[in-house]
Amino acid sequence: MSTPMVGLLVGMALGLAAALGGFGAFLLVAALGVVGFLVGRFLDGDLDLGELFSSRNRRR
């Protein structure tokens, strides 16, 4: 199992543990799942945060 998938599962499990029930809990679990997935991608080296947050002027 890849690191992003593990991060996704951990984020979803933490979301379920933090808030059980209702539409708000659904949104919280989805958001934490996305965060976990992105952290997993970053740890795998597939996501470069410097490229996301750099300004366009520095690229020229």
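Arg41 is partly exposed, with a relative accessible area of 30%. The side chain of Arg41 meets that of Asp46 in a salt bridge, at 3.9 Å from N to O. This briefing covers a predicted model of a protein of 60 residues, built from three helices and zero strands.

**Confidence**
- The mean pLDDT of the protein is 74, and 82% of its residues reach 70 or more.
- Helix α2, residues 22–44, has the highest mean pLDDT among the elements, at 78.
- Helix α3, residues 49–53, has the lowest mean pLDDT among the elements, at 72.

**Overall fold**
- Along the sequence the pattern reads α-α-α.
- Helix α1 spans residues 3–18, helix α2 spans residues 22–44, and helix α3 spans residues 49–53.
- Of the contacts between residues at least 6 apart in sequence, 47% join residues at least 24 apart.

**Burial and surface**
- Buried residues account for 15% of the 60 residues.
- The protein has an accessible surface of about 4700 Å², and carbon and sulfur atoms contribute 68% of that surface.
- A nonpolar surface patch of about 610 Å² is formed by Met1, Met5, Val6, Leu9, Val10 and Leu14.

**Val6**
- Val6 sits in helix α1 and is one of the residues that make the nonpolar patch.
- Val6 is partly exposed, because its relative accessible area of 38% lies between the 20% limit for buried residues and the 50% limit for exposed ones.
- In sequence, Val6 and Gly36 are 30 residues apart; in space, their C-alpha atoms are 8.0 Å apart.

**Ala18**
- Ala18 also belongs to helix α1, in which residue 18 is the end of the stated range.
- With a relative accessible area of 58%, Ala18 is over the 50% cut-off and is therefore classed as exposed.
- Ala18 and Leu28 are ten residues apart in sequence, with a C-alpha to C-alpha distance of 8.8 Å.

**Salt bridge**
- The count of salt bridges comes to one, and the residues that form this bridge are Asp46 and Arg41.
- The N to O distance of 3.9 Å meets the criterion because a salt bridge requires a side-chain nitrogen of Lys or Arg within 4 Å of a carboxyl oxygen of Asp or Glu.
- Asp46 is partly exposed, with a relative accessible area of 48%.
- Arg41, at 30%, is likewise partly exposed.

Key: Residues are numbered from 1 along each chain as its sequence is written. This is a predicted model: local features need pLDDT of at least 70, side-chain atom pairs count only at pLDDT 80 or more; totals for chains, interfaces and linings use all residues. Side-chain values use heavy atoms; hydrogens and water are left out. Patches are made of residues with over 30% relative accessible area and no salt bridge: like charges are joined within 9 Å, nonpolar side chains (Val, Leu, Ile, Met, Phe, Trp, Tyr) within 5 Å. Accessible areas come from the Shrake-Rupley method with a 1.4 Å probe; for residues, only the protein chains shown count as cover. Helices (H or I, at least four residues) and strands (E, at least two) are DSSP runs, numbered from the N terminus. Buried means under 20% relative accessible area, exposed over 50%, partly exposed in between (1.4 Å probe, protein chains only). Contact means heavy atoms within 4.5 Å. pLDDT is the predictor's confidence in each residue, from 0 to 100.
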